[in-house]
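Subject: The model you asked about

Hi,

Here is the model to open in your viewer. Have a look at it, and then read on.

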Amino acid sequence: MANVNQKIQKALNEQIQHELGSSYLYLAMATYFYSQNLDGMAQWMRAQAKEELAHAFKIYDHLIERGIEVQLAALAEPKKSWNSPLEAFEDAYKHEQFITSKINELYKLAMEVSDNPALVMLQWFISEQVEEEASVSKVVETLKMIGNSGSGLVMLDRQLGKRE
Ligand code: OFO
């Protein structure tokens, strides 16, 4: 058993669950966008789901490297449908704000228990969350500008579909 504070071990394990939960939510959003024939937005969400999986693995690898026990927990069933693309992206934005608050809590805890390796890893997540919130917020604002314009929506869908 690694000589690492128990509270931080538990919180890091919970963060794996949050990142996997994010991946699951964005996969559900991709499925919703396919059902609306918005394949570009679906592609954007698929890419986001993969990125979240990478985030989960980043923490997972951190635990493995430090000999911290990995404890995987059940994932909740994600929401399945939204009333509009704007509602889905607004949900994604709220979700990212929630994840940012979790990362900030983890960082605070790592400082309290002087866990330097966790602090270094979490710094990457702090910068990442700034990017995550900014990119989703940009789509939300564009969707608000588009309003009920079908052609605007088609153009945005095409643009978002370019995400690798
Ligand atoms: Fe992992 O950044 Fe989004 O949730």
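First, the ground rules. This is a predicted model, so local features need pLDDT of at least 70 and side-chain atom pairs count only at pLDDT 80 or more, while totals for chains, interfaces and linings use all residues. Residues are numbered from 1 along each chain as its sequence is written, and side-chain values use heavy atoms, with hydrogens and water left out.

**The overall picture**

The protein chain has five helices and zero strands, so in DSSP terms, where helices are H or I runs of at least four residues and strands are E runs of at least two, numbered from the N terminus, the order is simply α-α-α-α-α. Its C-alpha atoms fill a box of roughly 60 × 25 × 25 Å along the principal axes. Of the 164 residues, 43% count as buried; buried means under 20% relative accessible area, exposed means over 50%, and partly exposed is in between, using a 1.4 Å probe and protein chains only. Take the contacts (heavy atoms within 4.5 Å) between residues at least 6 apart in sequence: 79% of them join residues at least 24 apart.

**How the helices pack**

Two packed helices are described by the angle between their axes and the distance between the axes. Here the axes are lines fitted to C-alpha atoms, for helices over the stretch in contact, and angles run from 0 to 180 degrees between N-to-C directions.

Start with helix α1 (residues 6-35) and helix α2 (residues 39-66): they pack at about 165°, with their axes 8 Å apart. The crossing of α1 and α2 is left-handed, meaning that the near helix is turned anticlockwise from the far one by less than a right angle; clockwise would be right-handed. The contact of α1 with α2 has 18 nonpolar, seven polar and four charged residues.

Next come α3 and helix α4 (residues 116-146), which pack at an angle of about 160° with axes 9 Å apart. That makes α3 roughly antiparallel to α4. Their crossing is left-handed, and the contact of α3 with α4 divides into 20 nonpolar, six polar and five charged residues.

**Salt bridges**

How many salt bridges does the structure hold? There are eight, counting a side-chain nitrogen of Lys or Arg within 4 Å of a carboxyl oxygen of Asp or Glu.

One of them joins Arg163 to Glu51, with the closest N and O atoms 3.2 Å apart. This pair links distant parts of the chain, 112 residues apart: Arg163 is in the segment after α5 (150-160), and Glu51 is in helix α2. Glu51 counts as partly exposed, at 28% relative accessibility.

Lys79, Asp91 and Lys94 are linked in a network. Asp91 bridges to Lys79 with the closest N and O atoms 2.9 Å apart. Asp91 lies in helix α3 (residues 85-112) and Lys79 in the loop between α2 and α3, so the pair ties together parts that are 12 residues apart in sequence. Lys94 also bridges to Asp91, at 3.7 Å between the closest N and O atoms; both lie in helix α3, three residues apart, about one turn of the helix.

Most residues other than glycine have a negative phi. Asn37, in the loop between α1 and α2, has a positive phi near 60° and is exposed, with a relative accessible area of 65%. Ser114, in the loop between α3 and α4, has a positive phi near 50° and is exposed too, at 57%.

Finally, Lys102 lies in helix α3 and is partly exposed at 22% relative accessibility. Neighbours within four places in sequence aside, Lys102 is in contact with Gln15 and His18. The C-alpha atoms of Lys102 and Gln15 are 7.6 Å apart, although 87 residues separate the two along the chain.

Cheers

How values were computed: Ala, Val, Leu, Ile, Met, Phe, Trp, Tyr, Cys and Pro count as nonpolar, Asp, Glu, Lys and Arg as charged, and the others, Gly among them, as polar. Angles under 35 degrees count as roughly parallel, over 145 as roughly antiparallel, 65 to 115 as roughly perpendicular and the rest as oblique.
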